[in-house]
Amino acid sequence: MSEPTTSDLVDVQIDGVWHQFPKGTRIIEACRQVGVEVPHYCYHPKLSSPGNCRMCLVQMGTPPRTAPGAEPTAPDETGHLPISWSPRPIIACANTVSPNLGIRTKGDLVDDCRKGVLEFLLANHPLDCPICDKAGECGLQEYSMEHGVGQSTFRERKVKKPKNVDVGPRIRLDDERCIMCSRCIRFVDEIVDDPVLGFTDRGSYTTLMVYPGRELANNYSLNTVDICPVGALTSNDFRFQMRVWFMRETKTIDTNCATGCNITVYARENKIYRVMPRRNNEVNSDWMPDSHRLSFHWIDGEDRLSDPMLKAEGGFRTANWIEVIKAAAKRLSGLSGDQIAIVASARMTNEELYVVSKLAKQLGSELLATVPRQGEPDGYLISADRNPNTNGARLILGEKAVSGGLDRVKSAIQQGQIKALLVFQEDLIADTGLDGVSLKKLDFLLVAHSCANETTAIADIAVPAACWAEVSGTMINGTGRLQRLNKALEGPGQTLPVWEIARDLLRALGSDDNCQSVTEIFRHLADDVAEFKGVAWGQIGDQGMPLIETGEIIPLLERERERKAAGIIVG
Amino acid sequence: MSLEIPPDLEALIDESITHYPVSKRSAVLPVLHHLQTHFRYLSSEIIEWAAAKLELEPIHILEVVTFYPGFRQEAPGKFHIRVCRTLSCAMAGSHELLASLCEKTGIDRKNVSHHHPIAVSPDGKFSIEFVECLASCGSAPVCMVEDDLYERVKDADEVLKSYF
């Protein structure tokens, strides 16, 4: 009798070693699972598999067929039948495993296939790697080095195709570099419902193009650049800016909305050159919106605050942290809790919010708020909540701060009840409708922000706070997933993360709180806030972990799951 | 210029779509043939009309149109001549035949390229295109004027005489 747990598994021999896989597993995935790499171009686990690049050819074998009247072959001592190898290769991406299947990813047949495919792909390729943005992370370069012949037997002229084509506002196409894998065509067709790309002139001139008069302009278009295995599609924003091997990669998360797309930040010498999505099948799959991806340029902008500023005659003077913290503590110490309000930001990490909540307790202030940011959800990855950490703010500052908190702070200011206001990472004048006139009613306004803005301009003390790329910490996304940010850059000048600013203020106000690191704050947070109980920093990992139930879903993921269930994609 | 599809043409097209009950996309070829027969060539307006008719994106139609050399994207003359250039005909003198046809009709092929295969005479009466095999290798060289096949063509005049 077969075991119910193993009945869906089949035995497959890969490069001489027997393994078990669930029925229906694609051969390429089976190989990947046991650490055997099969080179491929057109295959992508989130897209349909047309099997057109032929790079993943492998040799296969099945048990020999028993001749009529002959005795069936007996299994060997391991219970497997002998394998009769086919002289014809098969593609590993679109074929699935079968009982007693043999796969060879090495050997003369497979080597010849790979050499042949690469020679064809390179026949018309311009070989302009020295000026190509993809160089260093190009599938054609990598596989040519590993599996190619090095010499071409092609003696004819290369086919000329369109170059430097403006296919959309953010993307440029070089058709001569294209290897016709069709990943981009399938992406716009299957994932973002904007099928503007196609192959025309199929044959020796096969040309990727946008239908004349249309544009590849959807808000997910730059994902086609990520999945392009060569340098055919390049990002206007990143084009010619930096060689890929010079950049340092930092895994972190996007903070432009509550989805919290997992990203990798590519930086060199403290400057971000690009942001790319990082796979997380519970958050953003392999994708991210262009609007979020390109919103990092302000980080090295002219308007960054780099020094603490004290109001002085005729404007501000730069100061140091010791001075401003002392000055702030002095201005706050004479006030009672109900004369002080705090506006924090749901763009801050849990750790920053936690130290700010401690500061509120120290000051006795109960008037706490965050600034809500509601927008339209896009039906793909962008959440209606444009704050990345509303759920964190809700748990740490309390529901009251998140819903209606800002209105209470505003009316208290307008009624003159508030003497001192502390603002963290928000521009009240630009984003809350509070005007300079009401804010001037305050005796004391302290603003900690990454950039100079209208609110910092009227503050008594304005201090530089580190932005999302300059801090480590955690946030809770719309679906209730706890995710980690990792510091990719140093902030400019004297910039400090909000948690350090709030801690220094706490200590200046007489608290003995002396947290020295984000991980230490997280430990305290986990002890203090019920929902975090038992969670250790180290267990969050690069993929995050579910923390609370919110009932929110990410529409793009739901559709991918349906496609996976239908067997269209591997997922 | 707005495109007008005569009711009888649309009826023909609608009928051809009924032959493909599983997927309208499969009707692309017959639909394009009907349209090209009527309009002589497939302009972008026609491609977009066909796309809307078959509930596809225009790029899906353009992919098909550019794949088959039999579909034209530029207007031919009143009589469209196709001269075979595949092996048997090439060996039997199709290049000379083409040159002679051009000379007699006043067609200049200097702007002909992969993407613009058709050249039209100044008076618009004739157009010419070098094409691949017309499936009559045994009687090379061959050419077609509209739907009429001419075999073992020795002289351009014997092809053209009935059209002048």
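Figure 1. Helices here are DSSP runs of H or I with at least four residues, strands are runs of E with at least two, and both are numbered from the N terminus. Residues are numbered from 1 along each chain as its sequence is written, and chains are lettered from A and ligands numbered from 1 in the order in which they are written. Local features in this predicted model need pLDDT of at least 70, side-chain atom pairs count only at pLDDT 80 or more, and totals for chains, interfaces and linings use all residues.

Figure 2. An α-helix has 3.6 residues a turn, so residues three or four places apart point the same way. Buried means 20 or more other C-beta atoms within 10 Å of the residue's own, exposed means 12 or fewer, and partly exposed lies in between, with C-beta atoms placed from the backbone.

Figure 3. A contact requires C-beta atoms, placed from the backbone, within 7 Å.

**Figure 4. Strand β21(A), residues 461-464, and its pairing.** A:Ile461 and A:Val463 point one way, A:Ala462 and A:Pro464 the other, and all are buried. Strand β15 (residues 309-312) of chain A runs antiparallel to β21(A) and is joined to it by two bridges. Here A:Met309 stands opposite A:Ala462. Strand β20 (residues 444-449) of chain A pairs with β21(A) in the parallel sense, over four bridges. In that pair, A:Val447 stands opposite A:Ala462. Strands count as paired if DSSP finds at least two bridges between them.

**Figure 5. An open sheet of three strands in chain A.** The order is β12-β13-β14, with antiparallel pairing. The edge strands β12 (248-253) and β14 (271-277) each pair on one side only. Neighbouring strands are turned by 30 degrees against each other on average, direction ignored. Axes are lines fitted to C-alpha atoms, for helices over the stretch in contact, and angles run from 0 to 180 degrees between N-to-C directions. Strand β13 (residues 262-268) of chain A pairs with β14(A) over six bridges. A:Tyr266 stands opposite A:Arg274 in β14(A).

**Figure 6. Where chain A meets chain B.** Contacts link 11 residues of chain A to 10 residues of chain B. On the chain A side, seven are nonpolar, two polar and two charged. Ala, Val, Leu, Ile, Met, Phe, Trp, Tyr, Cys and Pro count as nonpolar, Asp, Glu, Lys and Arg as charged, and the others, Gly among them, as polar. The model scores ipTM 0.89 and pTM 0.93. Chain B has a mean pLDDT of 95, and 99% of its residues reach 70 or more. This score is the predictor's confidence in each residue, from 0 to 100.

Note on methods:
Two residues are in contact if their C-beta atoms, placed from the backbone, lie within 7 Å.
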